Amino acid sequence: MGILKYAVFVLALSAILGNAFAYYNVTSVNTTVILNKSTTARVIETFSLYISNSSMSQYVASRGAYNFTLGDWQKILQSSLLTQHILNPRASASNYTFLPGALVRTGSGGYAVLIMGYVVPNVTSVKEIAPRKFEYSFNDSVFNFNHAASGQELSPDTRLNILVPNDSQIVSIYPLPDSPAPNFVGRYTNVTTFSWFSQEPLSEFSLSYILTESPQSEVINYFTNMYASYSTLIYALIVIFVCLFVAYVYFKFIAA
């Protein structure tokens, strides 16, 4: 009887401890910033999540609730890492998506990947430095990473990737990326993806590159900008032309 009571006590204690230590843990963050020929950027963030055995049913139920917002998931996971790491303080993000991945069960818990995507304006600034040559500069005020005494820095479990457009000519980059290494003359030729993952400080981050516009693109952009600038006048001229044509037809063939 004493052995039976002891067994019941152990089982009850295990159940209590199992519930007490139920938790989620974001084990790594991968933030990818995709730059383009405008000043906006597409951001894709992946969060690797560990899920304790006693939290699996809650995760599966939450994943099925398609109306859950990022705030709802932050409350469930209770992790400061689950946030947008690229933010424009003066403009909100757009085209927001959030996809909690399927639960992968293991003997000691489970794992899942959460994928978040959004578009951020004014991630870069651009200026024309020569005919058909434009220099883009990264705006480091959009960073929203770990705040340390000396400024923002990447935590040990965070990786930052920045993709520049094809045919970009790198002007400056600091701190030097952990991947890839520069060539033998210290330059990055034909490289479009840069990664930082060794707890790099971001307080003095800089990245600038030059894009050369083709003559065809220059002509297209010229007429596109001209149309945007004079669209109201163009519409007014079209209306006037149509009115004059209708009046001509009326007096020429009907009124006569």
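Buried means under 20% relative accessible area, exposed means over 50%, and partly exposed lies in between (1.4 Å probe, protein chains only). Helices (H or I, at least four residues) and strands (E, at least two) are DSSP runs numbered from the N terminus.

This is a predicted model, where local features need pLDDT of at least 70, side-chain atom pairs count only at pLDDT 80 or more, and totals for chains, interfaces and linings use all residues. Residues are numbered from 1 along each chain as its sequence is written, and side-chain values use heavy atoms, with hydrogens and water left out.

**The whole protein**

Show everything. You have four helices and 13 strands. Of the 256 residues, 32% count as buried. The protein exposes about 15,900 Å² (Shrake-Rupley method, 1.4 Å probe; for residues, only the protein chains shown count as cover). Carbon and sulfur atoms supply 60% of that area. Now consider contacts (heavy atoms within 4.5 Å). Among those between residues at least 6 apart in sequence, 68% join residues at least 24 apart.

**Strand β5**

Select residues 109-120. This is β5, and nine of its twelve residues are buried, so the strand is largely enclosed by the rest of the structure.

- Select β2, residues 41-51. It pairs with β5 in the antiparallel sense over eleven bridges. R42 stands opposite V119 of β5.
- Select β3, residues 94-100. Five bridges join β3 to β5, and the two run antiparallel. Look for F98, whose bridge partner in β5 is M116.
- Select β4, residues 104-106. Three bridges tie this strand to β5, again antiparallel. R105 faces G110 across the pair as its opposite residue in β5. A hairpin of two residues leads from β4 to β5.

**A surface patch**

Select I44, L99, V113 and I115. Together they make a nonpolar surface patch of about 310 Å². Such patches use residues with over 30% relative accessible area and no salt bridge; like charges are joined within 9 Å, and nonpolar side chains (Val, Leu, Ile, Met, Phe, Trp, Tyr) within 5 Å. A salt bridge is a side-chain nitrogen of Lys or Arg within 4 Å of a carboxyl oxygen of Asp or Glu. I44 sits in strand β2. It is partly exposed, at 33% relative accessible area.

**The core**

Go inside. A nonpolar core is a set of buried Ala, Val, Leu, Ile, Met, Phe, Trp, Tyr and Cys residues joined through side-chain atoms within 4.5 Å. The largest one has 47 residues. Which of them touch the most other members? Select V33, L35, Y59, I86, F138, L160 and I162. Then stay on L35. Leaving out residues up to four places away in sequence, L35 touches A41, V123, T124, F138, I162, L163, V164, P165 and Y209.

Most residues other than glycine have a negative phi, and most peptide bonds are trans. Select Q78, where phi is near 55°, a positive value. Q78 lies in the loop between α3 (70-77) and β3. Is Q78 buried or exposed? It is exposed, with a relative accessible area of 69%. Move to R132, with a positive phi of about 65°. It belongs to the loop between β6 (124-130) and β7 (133-138). R132 is partly exposed, at 28%.

Finish at the loop between β11 (169-174) and β12 (193-196), where P175 is found. A cis peptide bond joins Y174 and P175, with omega about -5°. P180 lies in the loop between β11 and β12 too. Its cis bond is to S179, with omega about 0°.

Key:
Two strands pair if DSSP finds at least two bridges between them.
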